[in-house]
Amino acid sequence: MFTSDQAQQLAQKVAKLSTFPECQVTVTSSEQAYTRFANNGITTAALGLRQNVTIAVTRDSRTGVYSVDELDDASLRKAVLKAEELAAISPANPEHLPPLGSQEYKKTPSFDEATAKARAPEMIPHVKTIIDVATKQNLVAAGLIERTTRVTAVANKAGLFGFDQSADSQLTTTIRMRDGSSSGWAGQPSVKLSGIDSAKLAATASEKCLRWKNPQRIEPGNYTVVLEPTAAGDLVRLIQSGFSARNTDEGRTFLSKKGGGTLVGEKLFPDYITLRSDPFDPRQTSLPWTTELAPTRSMTWIDKGVVANLAYDRYWASKTGKQPTPGVGGAFFGGDSSLQMEGGDASLEALISSVERGLLITHFWYIRFVNPKTLQQTGLTRDGVFLIENGKITTPVMNLRFLESPVRLLQNTKKLGSAIRVRGLEGGLMIAPALVATDFPLPSISDAV
Amino acid sequence: MLNFRLISISMSMLMRLTRRQFMATTSALAFAGELFSSPKDSRAPSPDLERLGAVGLAEARKYHATYCDVRIVRLRNQQIALRLSPDRDTGKTLAVPNVSESTSFGFGVRVIVNGAWGFASSPLVTKEEIARVTAEAVIIAKANASIQPSPVQLCPVKTYRDRWDTPHEKDPFAVEVAEKLELLQSAAEEVKKNNKVFGSVAALNVRSEDKYFASTEGSSIQQLILQIYGNLDATAVDRKAGISRSRSYVPTNASAGWEYVPQMNFGENAQRIREEVVEHLSAPPVTAGKKDLILMPNHLMLTIHESVAHPTELDRALGYEANYAGTSYITMDKVGKRIASRNCTFIGDRTSPKALGTVGYDDDGVKTSQFTIIEEGIFRNYQTTREQAHMVGDKESHGCSQADSWATVPFQRMPNVWLRPGPQETTLEDLIAGIDDGVLIDGRGSYSIDQQRYNFQFGGDAFWEIKGGKKGKMISSVAYQARTPDFWQACDGIAGPAYWQQYGTTGDAKGEPTQINSISHGCSPSRFRQVNVLVTD
């Protein structure tokens, strides 16, 4: 892993190697330690280091990008030459903008030294806790405990330099009946490994597993749902791609007005729906710069139900006379890990007791876009679905497939619990509350356990 | 015309680079390039690689490891894309290029000590680092052994000293970028010729993996795997109606050399999707209900991938993927039982020509082969690795071990899985003629399946109505949802060998931390009776 000084020296050295007027260098170095377990035993564990230098050079708006992980001088010189060759061959990019000069980046607050260095001795006790809980109840546990430490430095020939270090960790576990007849899940992402509560996760997953046994078939249809925070985050984060200013202006998002224009300023959601991104929230990790290397900042996307902002990159901002914003990127799984939805103060129990007839959902699986414009998604419930009758959990029910957009989900949201950091099964991170929403379409049953 | 001018300039720029300059850098990245090069006709791995591998094996033996393998890998990836879209102010078409290349070089060491696995990796390929990292892997194995219910057992394997390359005539990395750009430019422009097309994207991705494997079993294997991917997308927007639709052409992405690229046939397909995206924009939505389906190979390949290839992975069936990818509806008691109609025979195959999952040897050092997964609807075999074979009473592995990088742990990944074509004489028209009310689905759309692979819902890229035995007009907003065993039991017709095509998929995710895999699935157009069809947004 590089220190700030080493990364700076390397990035600036490489930037100077290019004879092209523009050269941007990104240095990353990461170390990952993890222990994976299944069937009540460890199956894989590893420690791995990765490093990479990505060089983007530009002359006359022609850009070439070359990325290499051999960092000796000869390899780096050759990588720069290679990037220059690619640039010379590439057509000019009519949307290219001049590079940014020196920038002030705020320090991100969440780095934890102990998490950054944790290895098997710090992880195996958590695994043991979970396996012991499972074994005592004749259940079977699988899961992953992992930490990743990352150093990133950026530099360009115009005098820009930035450095960031982050560490993040997570523990997830699925506890199943030996005969495969039930399954329970619990997970926790944490910027501090010491904050992971494996005993609580083991209790939650095993209780869910014991409680979900013999799930009953219910009639598919529209239900009021209580989404636990992970389930809410699974869907809400997918609203991000709708906020691209360019796609919206071009008529390609749910925020495009029919006939032209956008829905910014319109109240599309209830008063209590506020969605923003905050890269400096100490509960999560985020780079202090945008993909275009501008200093990042907190942004409000939905303010008390009103569409507040769209995400402008530098090019689209220049075309429309707006200021560039931090991006809401990575449409597929929700790329902005600093996204957060404001919560309320109700406990999960209070949310459940407010529902006359509905379903409690632990989390979702295999969520995919059905229509990128309306943001309609499909996916399935997993690892614990329960019928709520008269404010009480009464019956475990079989998994169901949903077909819904995060837009309609937020429009139909009635109550919010407190917000916590969650990580979806396919990796998306955000801070999300548990919520109650009506008319959630669940059109088919799944036999999967 | 603007775009053509840009290409002309770039061609002249290229000519200013001397051949010597170009070669100096393409043969470069010093050590890695030299390490993997050896006489073209040599059947033996490079002696330098063998010396490096031996360091790890010797170190592991010192720590009483009962098994060790060392993989030294160099990955190269070249991505070229061109987007044509209108300038916001003038409406003039702008061509936005994206040209990038990356390499990744390093090694990983796997050991078994006290009956448990340990793995460590590093991007510094030196003898000293290989020794250090092997010792790290041993430490990890010893720690894991403390919670290891039963020791790892590897089935026997033959030893090999060999070199295997993807059959190819022309190295795709040696082809000039300008030639690739020209191909993409002409395809993207062809799509954009109809002014109702809002934007088009053409992309080409060339990938190579140089891989050296040495194990304490005595094997020493060097491989070169080449892959070429392309795609062409068209978007159309009706602002008044608030509708945006797309149409894509994804050629049969293949493990091959550059000589394969003309077969991708971008030109003709560019014209086709140009017309079809406009038709798609005004195509009426499907009516929901039970319908018969004809699924074309470039669509059915993904249905096979999700509902046949994944549930026949042994690690899923045994619970090793329970926390992420999931388990399987095809449990051990299903061996010998019917799970599909008599028409359906599926083969696992890591030797299929041009398929993305085809290699000479897997990451356990097992020589790859073909095996039957489902025979006339009866489930026969799971996909296995050396570690898993004994769990199903087999003496040999089916060669399905793979890691996606030097930095990741090999585990069970699916081979190419293909569906045997129907009778010689069966045509696509025959299949359509047997349908009163149905839908023909082409290309990939949205796809989602539960963690045991029962309930799936798939969209497509384009849809045509079938009425009274005839293919009719284009329709839209189609998805079908089914329960896997019911769906495959409902397969009552498969077109003959003349219609069989193989398509590749690249982003197959499995394992924690997640690894990505590329594989191909071949099939002929097939008919499925009375499937639940939905209308989407």
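**Exercise 1. Find what covers the buried residues of helix 5 of chain A.**

Solution. In this predicted model, the cover over the buried residues of helix 5 of chain A includes helix 4 (120-136). Strands of chain A take part too, among them strand 4 (139-156), strand 5 (161-177) and strand 6 (183-190). Strand 12 (357-371) and strand 13 (376-389) of chain A are also included.

Next, pick out the residues being covered. Buried in helix 5 of chain A are Ser198(A), Leu201(A), Ala202(A), Thr204(A), Ala205(A), Ser206(A), Lys208(A) and Cys209(A).

**Exercise 2. Describe how helix 4 and helix 5 of chain A pack.**

Solution. Two packed helices are described by the angle between their axes and the distance between the axes. Here the angle is about 30° and the axes are 9 Å apart. Angles under 35 degrees count as roughly parallel, so helix 4 of chain A is roughly parallel to helix 5 of chain A. Their contact is made by His126(A), Thr129(A), Ile130(A), Val133(A) and Ala134(A) of helix 4 with Ser198(A), Ala199(A), Leu201(A), Ala202(A), Ala203(A) and Ser206(A) of helix 5. As for handedness, this crossing is right-handed.

**Exercise 3. Now try helix 6 and helix 7 of chain B.**

Solution. Locate them: helix 6 of chain B covers residues 177-192, and helix 7 of chain B covers residues 266-281. Their axes come within 8 Å and cross at roughly 25°. The two helices of chain B are therefore roughly parallel to each other. The crossing of helix 6 and helix 7 of chain B is right-handed. On the helix 6 side, the contact is made by Leu183(B), Ser186(B), Ala187(B), Glu190(B) and Val191(B). Helix 7 of chain B brings Phe266(B), Gly267(B), Ala270(B), Gln271(B), Ile273(B) and Arg274(B) to the contact.

**Exercise 4. Compare the radius of gyration of chain B with that of a compact globule.**

Solution. With 537 residues, a compact globule would have a radius of gyration near 24 Å. Chain B has 25 Å, which agrees. Chain B has 11 helices and 24 strands, and 57% of its residues count as buried.

Definitions and conventions: Residues are numbered from 1 along each chain as its sequence is written. Chains are lettered from A and ligands numbered from 1 in the order in which they are written. This is a predicted model: local features need pLDDT of at least 70, side-chain atom pairs count only at pLDDT 80 or more; totals for chains, interfaces and linings use all residues. Helices (H or I, at least four residues) and strands (E, at least two) are DSSP runs, numbered from the N terminus. The radius of gyration is taken over C-alpha atoms; the globule rule is 2.2 Å times the number of residues to the power 0.38. A residue is buried if 20 or more other C-beta atoms lie within 10 Å of its own, exposed if 12 or fewer, and partly exposed in between; C-beta atoms are placed from the backbone. Two residues are in contact if their C-beta atoms, placed from the backbone, lie within 7 Å. Axes are lines fitted to C-alpha atoms, for helices over the stretch in contact, and angles run from 0 to 180 degrees between N-to-C directions. Angles under 35 degrees count as roughly parallel, over 145 as roughly antiparallel, 65 to 115 as roughly perpendicular and the rest as oblique. A crossing is left-handed if the near helix is turned anticlockwise from the far one by less than a right angle, and right-handed if clockwise.
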